[in-house]
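Let's take a walk through a protein together. Keep the sequence and the 3D view open as you read.

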Amino acid sequence: MYVLVASLSLSRLAVSQSKDPAQRAWAFTASAGAVHLSDTTSLSAVGGVLEYRPSSWLTLGAAPSLVRSKVGTQTTSGFGDLPLTAAASKELGTAWGPELAAAVILTLPTGNAACGLGSGVTSVGMDVGAGISPADPVHFSVDASRSLSAVTLSALDAPQSTWLDFDADVNLSPRLTASASLGGDFGGIDTTTAAREVGAGARYALDGPLALSIDVTHRLSGAAPTWGLAVTLGTAGGGLSPLDPSSPLWHQRQVFSGGASVHSRGKAGTGC
């Protein structure tokens, strides 16, 4: 019930902001997602991204989330960690419309690490990306992110690895955009289980900057989720990604950016 109430509240806020010109510097996106990791392990979450753009090239953001983790018969839920981001982007204004972007992500330990929600420590990460538009309806981008600390940027990342994904978007109409992603972890402690996954989705512009996105993902190999679903609604652009607002894999990772340790089962009797 709290998931439904939170989603509806965030959606109403997004709609009101998209219609108020005085609040265009602010943007909000509500999100919900679920991933199936194994026969005994799954994650689900609901949250959002609040953005403030003080200038055309700089975006500040925060992404609170409520996370539910199921490992075997043990289920825990609560607030995850809180990622804060500062992203800079630049369109070069030459042929093919190239653009560059970079972000610094600071994650605060607001989750209950003893129950497997969050890492319990403050961490810092980086994200960089580049994109081109060889034709008006087509956009390609590549994005790489890595934690500079001992913990990962997302609950879906492998420890000490670099996440890399490639994205393609096609505008099928003025309102509808189809997208596809291919990504995975590179490096890390255990390269034999490095995740590889693919995603596909659609983004529909409802009213001005207000858009609805539905994305699905599927494991290709390694420790990636066997399947995943992410739904986002709001006026924010790329959220925690500094570049691509339509990437299915970024939408999935963004929902779980607050972190939930799938290896920690919590402890009976501790209130987890």
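How much of the protein counts as buried? Of its 272 residues, 44% do, where buried means under 20% relative accessible area, exposed means over 50%, and partly exposed lies in between (1.4 Å probe, protein chains only). Before we go on, a word on what you're looking at: this is a predicted model, so to speak of a local feature we need pLDDT of at least 70, and side-chain atom pairs count only at pLDDT 80 or more, while totals for chains, interfaces and linings use all residues. Residues are numbered from 1 along each chain as its sequence is written, and side-chain values use heavy atoms, with hydrogens and water left out.

Now for the overall build. The protein has two helices and 14 strands; helices (H or I, at least four residues) and strands (E, at least two) are DSSP runs, numbered from the N terminus. Look at contacts next, meaning heavy atoms within 4.5 Å. Among contacts with a separation of 6 or more, 53% are between residues 24 or more positions apart.

Let's zoom in on strand β4 (residues 65-71). Five of its seven residues are buried, so β4 is largely enclosed by the rest of the structure. Who are its partners?

Next stop: Ser179, in strand β11 (residues 176-187). Why does Ser179 count as buried? Because its relative accessibility is 9%. Leaving aside neighbours within four places in sequence, Ser179 touches several residues, including Ala168, Asp169, Asp215 and Ser246.

Finally, look for charges. Side chains of opposite charge can pair when their charged atoms come close. A salt bridge is a side-chain nitrogen of Lys or Arg within 4 Å of a carboxyl oxygen of Asp or Glu, and by this rule the count is one. The side chains of Arg253 and Asp157 form it, at 2.6 Å from N to O. Arg253 sits in helix α2 (residues 248-255) and Asp157 in the loop between β9 (138-147) and β10 (161-171), so the pair links distant parts of the chain, 96 residues apart. Both Arg253 and Asp157 are buried.
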